Amino acid sequence: MKRIIYAGLLLFIISAFAEVNAQGCVAVRSNGAMCTVSHAEAEDNHKWQLTTGYRYFHSFRHFVGTEEQKHRVEEGTDVRNWQHALDLTLVRKLNNRMSLAVNVPIISNRRSSMYEHYGNTSTNPNARRETTTFGMGDIRITAYRWMLDPVKSKKGNIQVGLGLKLPTGDYRYNDFFWKNDSTKVLGPVDQSIQLGDGGTGISLELNGYYVFTKALSAYGNFYYLSNPREHNGVSTARGGTTSATNILYGSSVMSVPDQYMLRGGLNLMVGAFSASAGVRLEAVPSEDLIGGSSGFRRPGRILGVEPGVAYQFKKASLFATVPYWFSKNRTQSYADKMRTKATGVFAQGDAAFADYSINIGCTVKF
């Protein structure tokens, strides 16, 4: 029974990224991983746990609402984002029910576009250029508690986590934007590849599992990051002059958006090996739960299937998941809604999404 419970909990760690992490131009990044704590084994005397997780995705498919703008790829005017993120999560077990976790993300982003350089002119062979970012993201500190006594509740349990996200990631990261073959200007990179969002956030997690049989269990995770700060004051003009339209509708500076994730599924364990199958939803809402919602953001949500595998050693475990996103939706932003109301003409921007992401990692107890 002990191994079965651990296998169910191990699936929680597989959610170690993101950041709740809708891809590409949608501004959900690894700003503190969604990593739950595996310590419900009453007999486990290990006090420390280190989880190292890696995530990769490549976004390039543009959507307005749920409609894909296929011509962007065909014409070569699509915006392409690549992200490599390494999340380091150190957990200190206080007792059988309580623990503390510190998460530090290290992020490498690359963005290739045309409209940010030279203007959106596909006939210019030099129009496509790149901007990059690299460094530490926003650190998150979280306290976790199992709501039921793990000694008495071996069939299932619910874990609650309350965390603080600190604005440690550089949210003013600059790179060069080309205006022509000989002129480039330095300015803040796009919101989607900034290392942080500039806000101090509050995160809430709910994690649960239930054991049906010796081999079959169910898992579920919910994560919400609330960012009370409305915007961070960073210009969206990429080193240029902000337009009057952006000023009018509040999108001349970057927003500090909320984000959330919901996932659940089944886990099958055979010896030390386990396989999971579930669904995963990640999103950036158009309006925040606390505080104002002005500033530039690309809200959206993605829904996908999430297969995964894991293997348990005596003091370590390996895991991998590959969420495949079959539903992509770039929703109306707060600025879009303001513009629609003011002009009477429906406005909705676009965003680029990935088809899938790759998550791999390991957990070591000591």
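Let's start in strand β3, where you'll find asparagine 81. Keep in mind as you look around that this is a predicted model. Is asparagine 81 buried or exposed? Its relative accessible area comes out at 3%, and since anything under 20% counts as buried, asparagine 81 is buried.

So what does the side chain of asparagine 81 make a polar contact with? Its partner is the side chain of serine 192, at 2.9 Å. Asparagine 81 also has another asparagine to look at: asparagine 109 sits 28 residues away in sequence, yet the two C-alpha atoms are 7.2 Å apart in space.

Stay on β3, which covers residues 80–93, and move along to alanine 85. This residue has 1% relative accessibility, and because the cut-off for buried is under 20%, alanine 85 counts as buried too. Now jump along the chain to glycine 135, which is 50 residues from alanine 85. From C-alpha to C-alpha, alanine 85 and glycine 135 are separated by 9.8 Å.

Next, have a look at some strand pairing. Strand β6 (residues 140–146) lies antiparallel to strand β7 (residues 156–165), and seven bridges join the pair. Strand β7 has another pairing, with strand β10 (residues 201–211). That one is antiparallel as well, and it runs over ten bridges. Here you can pick out isoleucine 158, which has glycine 208 in β10 as its bridge partner.

Last stop: the empty space. You can find where it is left by rolling a probe the size of a water molecule over the atoms. In this model the largest pocket holds about 570 Å³. Which residues are closest to its centre? They are Asn246, Phe296, Arg298, Arg330 and Gly349, out of 31 residues that line the largest pocket. Two elements give two or more residues to that lining, namely α3 (244–248) and α4 (334–343). Of these, α4 supplies the largest share, with three residues.

Two arginines, Arg298 and Arg330, are among the residues closest to the centre, and arginine counts as charged.

Terms used:
Residues numbered from 1 in each chain as written. Predicted model: local features only at pLDDT ≥ 70, side-chain atom pairs only at ≥ 80, totals over all residues. Heavy atoms only, no water. Helix = DSSP H or I, 4+ residues; strand = E, 2+ residues; numbered from the N terminus. Buried < 20%, exposed > 50% of the residue type's maximum accessible area, 1.4 Å probe, protein only. 1 Å grid on protein atoms, 1.4 Å probe; cavity = no way out; pocket = protein on both sides within 12 Å on 5 of 7 lines; lining within 4 Å. Points joined across faces, edges and corners; volume = space filled by probe spheres on them. Pairing = 2+ DSSP bridges. Polar contact = N/O pair within 3.5 Å; in protein donor to acceptor, adjacent residues only side chain to side chain.
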